[in-house]
Every structure is written in structure tokens, then in C-alpha cells.
Amino acid sequence: MREIEADVCVSGGGPAGLVLALLLARSGVDVVVAERSASLDREYRGEIIQPGALRTLDQLGVLDGIGGYPMRHFQLVQGERTLLDIDYTTLPAPYDHLLSLPQRLLLERLLDECKATPGFRLLSGCSTRALLEEDGAVTGIRCGSGDGETQVRARWVVAADGRYSKTRSLAGIGYDKFEKFEHDVVWFKLIAPERRTNAVRIHRTAADPVLVHDSYPDRVQIGWTLAKGSYKTVAAKGIEHIRAQLIAAVPQHADLIREQVTALSELSPLDVFSGRAREWVRPGLVLIGDAAHTHSPIGAQGINLAIADAVALHPELVAAVAAKDNRPAALAGFEAERRAAVDTVFTLQSRQNKGMLSSGRVVDAVRPVLAKLLPHTPIFRKILNLVAFGARPRDVRADLFRAPSNPGGTR
């Protein structure tokens, strides 16, 4: 078994894990990322980046030439009528838009930046299998198997391995799942040159609501909402039935659906739920991103929140490593700040879900009236700023960046 040492071991190489790793490595912290996938050739869902995350990525210098489609509007559409048009261009430039960017492109760029920074190491295809512990504190992980089995000893382990976090499970940390959403989402993409709308849209029709947005390059991504837990029943009726349902929901793409949606394997169902880990910090262990809190795709908050976690954790983790401190108290500020921010988003998403996706005689009658009035109220601007930038936007602490003083780690 190979054994290595680091200041920090990050379990998971998604947006949260790689942004944190880049921040730490640039701050002179010796960091190892253990990622279970051997390559970036895997399925991704979230690809809408809000202005707050754009600002962070810009401050890290990872956006130049990366591609993607800027989108200026978030719209609620019913038939031919736009009920609500949230105009992102009213925000201060240059962060006055959403960016549709395939997650793979973002991860590739973050990895390139990490690999160019001394003190960073990647263990690819190395799934976390066990936690190392001493005197009640997490002191590292064991990952991989066979000839590739590796033991990483670190002062801090960061669980950044997603909504079904293996690291969280190994630590025995409880998870509270909130079933506040009436729908699950079935995602798929269509090749659609010259059909860009520069908007994220929720289409309300007689069928189930559908989320539609441009997807780089020359694609459109569609999220078909279905009643909670009903996908297996619908899928059992076959692809022809599903195609008919999709055409009824988004008739503007009927020709592409007929041509391109040919098998159930092309559809990716997502169990939509929100939830929160009961503990975010233990001695030597901290959870971030979906490992700590999971959200609905409504409002495109997943990547935003994950990156915000990394930015907030960065200065406290740098200080804790420098002080050789693995006590939860060292990261208490991070946990308090991010829990409050996440709770705010939970509340907002629940209201967004009821307002945009729910159905019923009363809500269907009231929705157009409220959608028309909302942009003219003082609260509208506050909601837009919250969705775009988060509850407490932070700048990257670039003042902490420096060359690593001890590439072998401080342990």
C-alpha cells in the first residue's frame, strides 16, 4: 500500500473540491484530491453558473477562453405568454448574466490550474474506502484498491464527494432529507444548432412543467418534471409514450425530440430532494457542497453554493493548518456562516418550487397576477441579488496566496 502525507486531503474532485484545492494550493497548503472517477468522461447535470460563482471563478483566473453561453434572462412561460422575466442585465456588470457551461469544461480548467500549482496532487480513480482515525479525530483516508490502494494522512479531510457522500457515510454522520418537492426531473439534451434563446425558461403547459436552457455547444438541455417517484411507471409505458409527453410539453422542439429521443438510456432521472448533514465539522473532518447540503435544481443554486462553501472555508482552513489545529472550533466561523446561508436558500427554493412548478385551481389563478406584480416590488431586487450572489458574498482571499513553504506537508 502506498502511503503519502498532506496538510489537507479532499475527497471528491467536483466544483467544490477543486475550487477549494486550488485556493489551498495557491496559499502554500499541501493538498491531495482523491477522486473516485479515473477520468472526466462521466455524466454531469448542473451546468448553470450564477453571477456569484462567476465572480469567484474570474478572481481565480479560470474563465478566460473557457466557452459557454451567457444567458441574460430567467423566464416563467405559459403557452405563448411570458408570466415572469427576470432580467439579469439589471445587475452590475460584468457579472450581469448566467453562464451555461458544461461541468466537464469547468473541471478540466480547474484541474489544469491545480496541476500547475506546487503542492497539489491528484489521486485519480481512487475512491475513499475508509477513514483513518486517532484519538477520536479523523487523520486521513484509505482509497483505491489492489495495487492502487493508497493511504493519505492529513491534518484535515474535506468531504466534497456529493449528495451521496461516501466520506459522510463512513464517518457515521446523519443526514436529514426533506421531501419538500412535488417533482423529480428527467434530464436530456438535444442537438439544436441555431435555437439559442439566451434564457433559462420554465415552460408551464397542460402537461408537466419543463425546464429548458441553452447548453454549450449547440445543444439545448431539457429537464422534464414528473410527479415525485413516478418515473419508473412512466418509463414502463415505453419510449413512444414518453416522446408524446415531451412533445406536448415543449412542442417547439417536437422535430428534434422525434429524431433524437430514441431510447430510455438517453434520459437521466434525478431524484429531487433537499437535505442537510447533521454535522458539518468533526475533529479533522469538514463537509462542503452537496456532501453537507443538497438542493433542488430550481434556481440553479448547486454549483453556486458549492463554490461559496470553498471560498468561505479557505481562510479558516489555511489558519487551522498553520496552527496545526484539527479541532472543530477552528472552523466554527465557516459552519455558522454557511449554515445560515444554506437555510436561506432552502426557504427560497421551497417558495420558488410552489410558485413556479406546483399546480392547483387556486395557485394557477393567482400565479399570473403575482408574477406580474413581483418585479415592481422592493423585495424583487433583494430576491434577485440573493439568487445571483448568495446570502453573504465573499471575495477570494488572494492575500493568502503564496509559494508553498513545505511541499512535504506540515505534519
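**A chat about the chain**

Modeller: Happy to: E194 is exposed, with a relative accessible area of 83% (exposed means over 50%, buried under 20%, partly exposed in between, with a 1.4 Å probe and protein chains only). Before we go on, this is a predicted model, where local features need pLDDT of at least 70 and side-chain atom pairs count only at pLDDT 80 or more, while totals for chains, interfaces and linings use all residues. Residues are numbered from 1 along each chain as its sequence is written, and side-chain values use heavy atoms, with hydrogens and water left out.

Biologist: Thanks! What is the phi of E194 near?

Modeller: Phi of E194 is near 65°, a positive value in a residue other than glycine. E194 lies in the loop between β13 (183-191) and β14 (199-204). Helices (H or I, at least four residues) and strands (E, at least two) are DSSP runs, numbered from the N terminus.

Biologist: And D218, which loop is that in?

Modeller: D218 sits in the loop between β15 and β16. D218 also has a positive phi, about 55°, although it is not a glycine. D218 is partly exposed, with a relative accessible area of 39%.

Biologist: What joins Y216 and P217?

Modeller: A cis peptide bond, with omega about -10°. P217 is in the loop between β15 (210-215) and β16 (219-227). Another cis peptide bond joins A93 and P94, with omega about 5°. P94 is found in the loop between β6 (81-87) and β7.

Biologist: Since you mention β7, which strands make up the open sheet with the order that includes it?

Modeller: That open sheet has three strands in the order β3-β7-β4, with antiparallel pairing. The edge strands, β3 (48-49) and β4 (69-71), each pair on one side only. Two strands pair if DSSP finds at least two bridges between them.

Biologist: How many bridges join β3 to β7?

Modeller: Two bridges, and β3 and β7 (residues 98-100) run antiparallel. I48 stands opposite S100 in β7.

Biologist: Switching to helices: which residues of α2 are buried?

Modeller: In α2 (residues 51-59), the buried ones are P51, G52, A53, L54, T56 and L57. Their cover includes β3 and β7, along with α1 (15-26), α3 (103-115), α8 (302-322) and α11 (378-389). Just after α2, G61 takes a positive phi of about 75°.

Biologist: OK, zooming out. How many helices and strands are there in the chain?

Modeller: The chain has 11 helices and 21 strands. Its C-alpha trace spans about 60 × 50 × 40 Å along the principal axes. With 411 residues, a compact globule would have a radius of gyration near 22 Å, and the chain agrees at 22 Å. That radius is taken over C-alpha atoms, and the globule rule is 2.2 Å times the number of residues to the power 0.38.

Biologist: What share of the residues is buried?

Modeller: Buried residues make up 55% of the 411. Among contacts (heavy atoms within 4.5 Å) between residues at least 6 apart in sequence, 75% join residues at least 24 apart.

Biologist: Last one: what does the accessible surface come to?

Modeller: The accessible surface of the chain comes to about 17,400 Å², of which 51% belongs to carbon and sulfur atoms. Those areas come from the Shrake-Rupley method with a 1.4 Å probe, and for residues only the protein chains shown count as cover.
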